[in-house]
Each structure stands twice: as C-alpha cells, then as structure tokens.
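This report covers helix packing and the nonpolar core. Please look at the model before reading on.

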Amino acid sequence: MGDAGNAAWMLTSASLVFLMTPGVAFFYGGMVRAKAVLNMLMLSTAALAVTGVVWTFWGWSIAYAGTDIGGIFGDPATGFLLKDTMVATDGVWGSVDGGADAAYPPSINVAFQVTFAMITVALITGALAERIKFSTWMIFVALWITFVYAPMAHMVWNHGLLSPDGAISQAIGAAAHDFAGGTVVHINAATAALVTVLIIGKRKGFAKEPFRPHNVPFVMLGAFLLWFGWFGFNAGSAFAANGVAGYTWVSTTAATSAATLGWLFTEKIRSGHYTAMGAASGMVAGLVAITPAADVVSPLWAMVLGFIAGILCCFAVGLKFKLGYDDSLDVVGVHGVGGLTGTILIGFFGEGTGLFAGGDYKQLLVQIVIALVAILYSGVLTAIISFALEKTVGWRVTEAQEVGGVDLADQGERAYDFAGTASSILKGVK
C-alpha cells in the first residue's frame, strides 16, 4: 500500500480536476447565446461520459499501462479494461521520477488521469459552439481520446518521445518540461479546436452580427470553479502531499492573479473598462500559462509569466476576426496562446535551466521543439478524425436549426421558459 496521506491528496486532486469540466461547462455556457446554453452544458457532459468509458476500456492502457510502442503510445491490450490496475490493496504507482514518497495505489492514478482527459477534450467545445450535432461530438470524443489525447499523454508523461528522457531531449541535451499539461492539455486542445473549426466552418452571421454572452455571472462562476479545480490540476501533479504541491499551489495563484490584472489593464487601456468577461478570461489565461511551469519558476517569474500571458491572450482573442476563423469562445486565443506562452517561457524563467535563471539556450530550444511536435501531431490526427466525420455523419445542424437554436434542435429543450414566465405573469394580472 502507498502512503495514506498521498493517497488522500491524490483522490482529492482527482475530484478537484473533475470539477473543472463542469466549470468549463458554465464558463462556456454563459458565453453563448441563450438558445445554445443547454447544448454547451451537454457537450461537456459527453466529454465526461464518453471519456470515462474509453479510458476504462483502452485509454489508460494507451497512455500509461501499455507496453511502449515507438515512444508514441502504449499497447491498448496490455491494460485493457484496467487489467492488473484495479487492485484495492496491492501495488503502488510511483512518482514520475520514481520517488518512493509519492507511492499510492495505481487505481488512484487512473482516477486522477481520467479527469485530465475529460477536461482536455471538453476545452475543444468552446470553439465549436452553437452549430454542431451532439451525436457527432460523442463520436469525436471517443476517437480523439483514443488517437490524440492518450498518445500525447504517453509521449509527455510516460517516458515517450516528448518526455524528459525521450529522444528529443536526448538529442538536444536538455530535459523537456511540461509539469501539468501545457502540451498535453492546452496546446493539444487548442490545435484540435482550430483544425476542426476550419473543417466545419463559421456560424451564420459570424463577424457580421454581435454574438453577446447571455449570462456573464455563469462565465464568472465557471472561471472561479476552474481556478479552484486547478489546484488539483497543478498541485496534484506533484503526485504527493509534499513541498512540490505547496510550491505549485502558490505559483499557480501568483501567476493567475498577475494574468487577471494583465488582461484587465490591457482592456482598460483599449476600451476604457474593466469587464467581468475580461477578468474571467484573464484568470483562465493565467491558469493555462502556469500549468507547464508551476514547479520550476520562482514566485517573481511566475507573476511575470502570468502577466505576459494575460496581455498576449487579450490581444490574441481578436485574431479570429482578422484571420477569419470562427473560434466561438476563444479556445485558440486563450488555451493555444496561453499554453505556448507557458511552455516556451520555461526556456527563459525555469530555475537553473532557463536563460534568465541560470541556464542556457538548450532549455528554450527543447521547449520550442516539443511545442511544435505537439501542434503537428494534434493537428494532423485531429484533421483526419474531423474530416472523416464531416464526410460521413456530418458536423453541422441545419442552418434553420442553428438560427432557431441548437438547444431545441438537438436537446429538444429550452434553458429559459420565457413564454411560460410571461404567461404566468399575465394570468396573475387577470
């Protein structure tokens, strides 16, 4: 058996990360128009449900339990249906570096890692809002977790191609670093989002009519839930209740606070207002950026990294209008740019390895290379999956259904019964 304190912390962390997907559901749900909010919540529901099944069958094996195949993925048969993993008393999962202080039953790591897979694919939904079929999305989740997410997790976190001891790090002479998912989660999801958006096309009226968020308090609620859940995401990635967990908790908060201010100050200069939408987006930008670097940057550099990410992401969300891609809720601008910022700035700010913190150029080089490889792998595989779905079952609801609202078209429900409310008021008046 592993250490009880570590086991308790990792189960808590798994639960915190699970909460992030409902957080994303509210974050995105508030941003869309009222006629699409239920669909946004349901897309996150599918991310939870489908991923949970796929992970149990073969996702865990591909990512962590299967025999390594070319440093790209694990054999899906080795750990099929969690074979030799779901044991209540025997066996332990060691820390990433093999440290005995992080030992706990392997079933707990299955729980922790499935929540990462869930939140990653859920992030993609923000780019596809208000126009896709729920049925197609469920198929996409199953395929994407199998062929994109699980292999990427294997490459980065299970001694694969993009890991500290992988072929790229060995060739460059510096250990690639992605503590909690700059490549696996954020760059991966943003690349997939962009590729899929380019395949399925724009919403009717994009860049011609305003698409205003229907419920900003929902957006704020989602952002706060994400910040809370992120403590499990980052501090849980220490794989123990130890000093690294405490360190990453503090650096996560410092960076996110600075990013929120960076976004708000930029917004104030540009538009004259400190908006709630800006605050929520700045929080997420900071959380994204610190994720790969949370354990290797000092408090000062964590704040600098966060502040830079807040400013860059604030500008980046406007690129979709200039370049003409309909990333509905700015997955590319926040998760793509934020993930790249955090991953690459390790090459400058990483303690003992970064250019500004006692190192040399090699750390920066390896960070750039792993980011590019992650973009290439995710982009190519996602393009194949999304294009195949477009040509078979189809991604889009009809134009009439989109105009009328995807909630009615796909869920057969409305989030708000405005007609019923008005009718009740009139009856009361009579």
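Axes are lines fitted to C-alpha atoms, for helices over the stretch in contact, and angles run from 0 to 180 degrees between N-to-C directions. The model here is predicted.

**Helix pairs**

| Pair | Angle | Axis distance | Crossing |
|---|---|---|---|
| Helix 7 (residues 216–235) and helix 9 (residues 276–290) | about 15° | 9 Å | left-handed |
| Helix 9 and helix 10 (residues 299–316) | about 125° | 8 Å | right-handed |

Angles under 35 degrees count as roughly parallel. Helix 7 and helix 9 are therefore roughly parallel to each other. Helix 7 contributes V216, V219, M220, A223, F224, L226, W227, W230 and N234 to the contact. From helix 9 come A276, M277, A280, M283, V284, L287, V288 and I290. By class, these residues are 16 nonpolar, 1 polar and no charged.

Helix 9 packs on helix 10 at about 125°, which makes helix 9 oblique to helix 10. A285, A289 and I290 of helix 9 meet A302, L305, A309 and C313 of helix 10. That contact holds 7 nonpolar residues, no polar and no charged.

**Nonpolar core**

Which residues touch the most other members of the largest nonpolar core? They are W55, I124, W137, W144 and Y149, out of 123 residues in this core. Helix 4 (residues 134–157) supplies the largest share, 14 residues.

Take I124. Leaving aside neighbours within four places in sequence, I124 is in contact with W137, F140, W144, A189, A192, A193 and V331.

Technical notes. Residues are numbered from 1 along each chain as its sequence is written. This is a predicted model: local features need pLDDT of at least 70, side-chain atom pairs count only at pLDDT 80 or more; totals for chains, interfaces and linings use all residues. Side-chain values use heavy atoms; hydrogens and water are left out. A nonpolar core is a set of buried Ala, Val, Leu, Ile, Met, Phe, Trp, Tyr and Cys residues joined through side-chain atoms within 4.5 Å. Buried means under 20% relative accessible area, exposed over 50%, partly exposed in between (1.4 Å probe, protein chains only). Helices (H or I, at least four residues) and strands (E, at least two) are DSSP runs, numbered from the N terminus. Contact means heavy atoms within 4.5 Å. Angles under 35 degrees count as roughly parallel, over 145 as roughly antiparallel, 65 to 115 as roughly perpendicular and the rest as oblique. A crossing is left-handed if the near helix is turned anticlockwise from the far one by less than a right angle, and right-handed if clockwise. Ala, Val, Leu, Ile, Met, Phe, Trp, Tyr, Cys and Pro count as nonpolar, Asp, Glu, Lys and Arg as charged, and the others, Gly among them, as polar.
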